[in-house]
Amino acid sequence: MQGVGATWLMFAADSRPVMVAALQAASTLPMFIFGLPAGVFADIVDRRKLLLWSSAWMVLVSVAMCAAAYLGQLSPEGLIAGTFALGVGAAMTAPAFQAVVPDLVPSNLLTPAVTLNGIGNNVARTLGPALGGVVVGVAGAAATFGINALSTLVVLAALWSWRQTSRSSRLPPEHFLSALRASVRYVGSARGIRVVLLRATLFFAFASAFNALLPLVVNKQLGLGADGFGLLLGAVGVGSVGGALLLSKLRARLGIERLTAGGTALAGVTTIGLALSSNAWLATVAAALFGAGWIANLTLLNVGVQNTVAGWVRARMLAMYVMTFMGVSAAGSLLWGYLAQTWSLQASLLCAGVLQLVSLAVVWRLPFVDSATLDLRPAPFVDEQLVLDPEHDLEPVLVTVEYRVVEENAEQFSYALWGLEEARRRAGAMTWRHWRDQSDRSIHRESFAVESWTDYLRLTPRTTFVDQQLEAAVQALVMPGTTPHVRLFRGAGRYRGAAPAQPTQL
């Protein structure tokens, strides 16, 4: 509802396409800027408190926008700033809200649970714009801001009554910057999440044109008012809900690859259809079908993240996904708005739709990682009760593991060790190297470094069953009768004592 109110206020104050697109970008850009930090916070702090503070922030911003709009003091720049501020609150809540889903349902219900979240969002997306158009017509755009504040108070009440299961650990929480760096290393070493992020970039870059330019189509191409805008947004929501309800059955019949490809094709065709629409009924059909294609990709990409990342980094990886989705959508909104102003509205939509269809050729070469082969549950481990040393935790730790391997297994061992490298990096290793002794070719040495002693202690709790399988594949190739020899080295730091006596020069 607030989106309808904000868009219509912008139309009344400044209807230039670039300003309308800027408003759309202001709602999505914060996720690109703050999404990953929010995911880091969601992994290292109390998620309930994070959600409470972020929701309270959104209530305050909505109340301020409501008051300014009623007093006639909300300028186009202020409208964009307020929308951006609300986007910051949404960015801080999104990863935490999504990360709790696997903790609330068993793994076999994860896909339906994520789909149900999508249905909830799209029921709101269906009812909100339609009601928003009515509210704007009856009480003015400012009323939508006030209603948004009241609805967020309901969220606050729900969060206040929720009691989160505590996550106990004898290790201290990760430092923010260290956790941020671990996120980047994880993405670099986990093919599953990289595929999802690349596919999300390709889809949302072109699909963003439909959402960004829909208000202009309603106003300039179809000649409709706020009610018509609400109707088309409602049609997108109806299509999304319908698509979400059919998603499980379609996925079982078609598979995730064909279903996401079909959703991408549907988004491309309907964007072209919107460009060619000359009446409200054709545009409504295009909007409903676009919603179905949109929800298919949005949900399946989200499930792809959930199924291909370890629990300890889930919120951060979901933040990466949402950050990609929002950042690409924001950039796309600005680009398509600029092209609509420079070329024409129809040309901009046609270009986006055609490129969406062309992207299928690239997507087909980026298959999802089969989640059935990944067991990312934490592996059981024996706590070695190694001593924490926070006072001397500023230096890195180097781990070396020495193996003995017979020559005929050397090539296969190197390949298996390469797989283990990715597991080490996912768990937090900064560097990794495979060495071979030149005087005794049977000796292989693996070395990797982590940021601190505490990060070394985190390696074992972060080990998943998949990581254990990779370790077992390496162990199976070790010379019979030998065991790997592990050594730990801590950074000695810079020498800070008095200079030692120099030897006599002869």
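**Close-up views of a predicted model**

**View 1. Helices H12 and H13 pack against each other at an angle of about 135 degrees.** In this predicted model, helix H12, which covers residues 314–342, and helix H13, which covers residues 345–358, have axes that lie 6 Å apart. The crossing of the two helices, H12 and H13, is right-handed.

**View 2. Residues from both helices make the contact between H12 and H13.** From H12 come Trp-336, Leu-339 and Ala-340, while H13 contributes Leu-345, Ser-348, Cys-351, Ala-352 and Leu-355.

**View 3. Helix H1 runs through residues 2–13.** Its twelve residues reach 16 Å from the first C-alpha of H1 to the last, which is close to the 16 Å expected at 1.5 Å a residue. The buried residues of H1 are Gln-2, Val-4, Gly-5, Ala-6, Thr-7, Trp-8, Met-10 and Phe-11.

**View 4. Thr-7 is a buried residue of helix H1.** Thr-7 has its place in helix H1, and it counts as buried because its relative accessibility is 12%, where buried means under 20%. When residues up to four places away in sequence are not counted, Thr-7 touches Leu-23, Pro-215 and Phe-229.

Key:
Residues numbered from 1 in each chain as written. Predicted model: local features only at pLDDT ≥ 70, side-chain atom pairs only at ≥ 80, totals over all residues. Heavy atoms only, no water. Helix = DSSP H or I, 4+ residues; strand = E, 2+ residues; numbered from the N terminus. Expected span 1.5 Å × (residues − 1). Buried < 20%, exposed > 50% of the residue type's maximum accessible area, 1.4 Å probe, protein only. Contact = heavy atoms within 4.5 Å. Axes fitted to C-alpha atoms, helices over the stretch in contact; angles between N-to-C directions. Left-handed = near helix turned anticlockwise from the far one by under 90°.
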